[in-house]
Amino acid sequence: LAAADTAAVLPRVLAAAAGEGPAGLDDALAGLVAGWRGRHRVDAPADWDDVRAAATEVPAEDPRQPSIVDAAARLDALFGDDRGVARLVAVARDPALPAARRAAALEALVDVRAEESTAVARATLAEPTLARAAIRGLLAGGAEEDAGVLLAALPRFDGQARDAALSALASRAAWGRSLLDAIDRGELPRDTLGPLLLRQLAGLG
């Protein structure tokens with residue numbers, strides 16, 4: 001469909017999905033999230049407020065409720081609504097929630113380039129189950145001094161999180177210098193840098 005056709009049809013599709021209850025809402029919102037993946041800003045469809053209201057009315061005891069409200073928050077954030085960003089921040093910061101749900105919320109904040117994503121990434125970097133999402137958040141929006149944050153957390157990482165942190169450090173010139181300095185000072189072993197990381201650092205100039 002052309003963009004104009006989509007804009008005309010989408011509100012009717014969403015209204016029908018909302019009329020089907022939680023099952024229809026879950027499928028429709030998940031489809032929108034998947035379809036707009038990679039975008040950081042989209043215009044909200046007509047009557048989106050009604051869809052959001054339907055999402056908030058899903059009973060807490062319904063097993064689909066978390067995915068529905070999180071998808072609605074993610075879409076709100078994508079539409080530029082600060083309420084969606086605030087809800088994603090609350091989910092990402094809540095240690096009582098499942099790690100996968102919190103990581104998805106942080107990933108969503110990074111995807112929409114929310115300013116809050118960097119602070120949330122710093123706050124959750126030490127949590128093993130959130131480390132990879134937090135590293136991505138720092139890489140996307142972190143400042144020069146966040147190299148020190150990553151280096152300080154590195155001893156707590158293993159496996160994929162450690163690889164992701166090292167790759168992030170080797171992806172920016174200033175961060176790469178901090179990584180090399182830490183090795184020179186003996187804070188990290190010389191064998192920290194494998195061939196791939198050395199090539200990354202060499203490519204920074």
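Which residue just after H6 takes a positive phi? Arg113 does, at about 60°; the views below start with the whole chain and return to this residue in the legend for H6.

**Figure 1. Overview of the predicted chain.** This is a predicted model, in which local features need pLDDT of at least 70 and side-chain atom pairs count only at pLDDT 80 or more, while totals for chains, interfaces and linings use all residues. Residues are numbered from 1 along each chain as its sequence is written, and side-chain values use heavy atoms, with hydrogens and water left out. The chain has 12 helices and zero strands (helices are DSSP runs of H or I of at least four residues, strands are runs of E of at least two, numbered from the N terminus). Its C-alpha trace spans about 65 × 40 × 25 Å along the principal axes. Of the 205 residues, 43% count as buried (buried is under 20% relative accessible area, exposed over 50%, partly exposed in between, with a 1.4 Å probe and protein chains only). Among contacts with a separation of 6 or more, 61% join residues 24 or more positions apart (contact means heavy atoms within 4.5 Å).

Figure 2. Helix H2 covers residues 22-35. Its 14 residues should span 20 Å at 1.5 Å a residue, and the end C-alpha atoms are 20 Å apart, which agrees (the expected span is 1.5 Å times one less than the number of residues). The buried residues of H2 include Leu25, Ala28, Leu29 and Leu32, and also Gly24 and Asp26. The largest nonpolar core has 65 residues, and Leu29, Trp36, Leu75, Leu125, Leu150, Phe157 and Leu179 have the most contacts inside it. Helix H4 (residues 65-78) gives the largest share of this core, seven residues. A nonpolar core is a set of buried Ala, Val, Leu, Ile, Met, Phe, Trp, Tyr and Cys residues joined through side-chain atoms within 4.5 Å. Leaving out residues up to four places away in sequence, Leu29 touches Trp48, Val51, Ile68, Ala71, Ala72 and Leu75.

**Figure 3. Gln65 in helix H4.** Gln65 lies in H4. This residue counts as buried because its relative accessibility is 18%. Apart from residues up to four places away in sequence, Gln65 touches Val58, Pro59 and Ala60.

**Figure 4. Helix H6 and its neighbours.** The 13 residues of H6 (residues 99-111) should span 18 Å at 1.5 Å a residue; the end C-alpha atoms are 18 Å apart, which agrees. Arg102, Ala103, Ala105, Leu106, Ala108, Leu109 and Val110 are the buried residues of H6. They pack against H4, helix H5 (82-93), helix H7 (116-124) and helix H8 (131-141). Arg113, with its positive phi of about 60°, comes just after H6.

**Figure 5. Packing of helices H9 and H10.** H9 (residues 146-153) and H10 (residues 159-169) pack at an angle of about 155°, with their axes 10 Å apart. Axes are lines fitted to C-alpha atoms, for helices over the stretch in contact, and angles run from 0 to 180 degrees between N-to-C directions. H9 and H10 are therefore roughly antiparallel to each other (angles over 145 degrees count as roughly antiparallel, under 35 as roughly parallel, 65 to 115 as roughly perpendicular and the rest as oblique). Ala147, Leu150 and Leu151 of H9 make the contact with Ala165, Ala168 and Leu169 of H10.

Figure 6. Ala153 is found in H9 and counts as buried, at 1% relative accessibility. Ala153 and Glu127 are 26 residues apart in sequence and 9.8 Å apart in space, C-alpha to C-alpha. Gly148, also found in H9, is partly exposed, with a relative accessible area of 40%.
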